[in-house]
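Please look over the sequence and the model shown here before reading on. The notes that follow take up its strands by topic.

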Amino acid sequence: MVHRREINGAPALFGNQGDLFGNAMTWWDHETGSVWSQPRGEAILGPLTGTRLELLPSTLATWADWRSAHPDTLALDVPGWATGFHLDDMAIVVDRGAETAAYRIPDVRKERVVNDTVGGIEVAIVIDPATPERWAVFSRRIDDRVLDLELIPAGLRDRATGSLFDPFVGRGRSGPLRDQSLDRIPAFTSFPEDYWTFFPTGSMWPDEAAAPG
């Protein structure tokens, strides 16, 4: 997940606080020493308790897949290592502040694309069929039109107009909406059991409206 590191209009400097909260890392800001929860982007201890950072659109992809979609990207050249995380064990979380929803990866794969509404925003949760480790969340609204999207071998298709979009970057490929792009919606991945720790009043698509128990 990626947050804007700005507090009350001023850039902030963060560090790894070293402890876990709800099985997730915590940060501290150098200006006030407040402790922040990574998934919520919210200060949980210190002078800024309750302050939240803006969540920005991001995704998880291999470097090769990212470069094919964004060939001009520059990245920090540092050693890497294999991750122990498996995408199918996780859920995609859409946090709209007043409303939060999570979508287990296996459920999204089965549905191919989930058309939903979270916090008044019509969204599509998509896993790229060509590269099953890539996922994205898009707004389904273009101007005054709300799209009903499906995945076909050629891409992400609007059922009403037949327009095709790239399932990773949301760029129009063909059809009446080929000059349009779907806006990315901020989202991140979480283990489903940890999701309830941070968002106890959230929902889990398709049928869990509240935290179990």
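**Strand pairing in the predicted model**

In the hairpin of strand 9 and strand 10, four residues lie between the strands, and Gly97 takes a positive phi near 85°. This is a predicted model, in which local features need pLDDT of at least 70 and side-chain atom pairs count only at pLDDT 80 or more, while totals for chains, interfaces and linings use all residues. Residues are numbered from 1 along each chain as its sequence is written, and side-chain values use heavy atoms, with hydrogens and water left out.

**Strand 10 and its partners**

- Strands here are DSSP runs (E, at least two residues), numbered from the N terminus, and two of them pair if DSSP finds at least two bridges between them.
- Strand 9 (residues 91-95) pairs with strand 10 over five bridges in the antiparallel sense, and Val94 stands opposite Ala101 in strand 10.
- Strand 10 is also joined by three bridges to strand 21 (residues 203-205), and these two run parallel; Ala102 has Met204 of strand 21 as its bridge partner.
- Because four of the five residues of strand 10 (residues 100-104) are buried, this strand is largely enclosed by the rest of the structure, where buried means under 20% relative accessible area (1.4 Å probe, protein chains only).

- Four strands form an open sheet in the order 4-5-6-7, with antiparallel pairing.
- Strand 4 (14-20) and strand 7 (42-45) are the edge strands, each pairing on one side only.
- Strand 4 and strand 5 (residues 25-29) run antiparallel and are joined by four bridges, and Phe14 has Asp29 in strand 5 as its bridge partner.

Key. Buried < 20%, exposed > 50% of the residue type's maximum accessible area, 1.4 Å probe, protein only.
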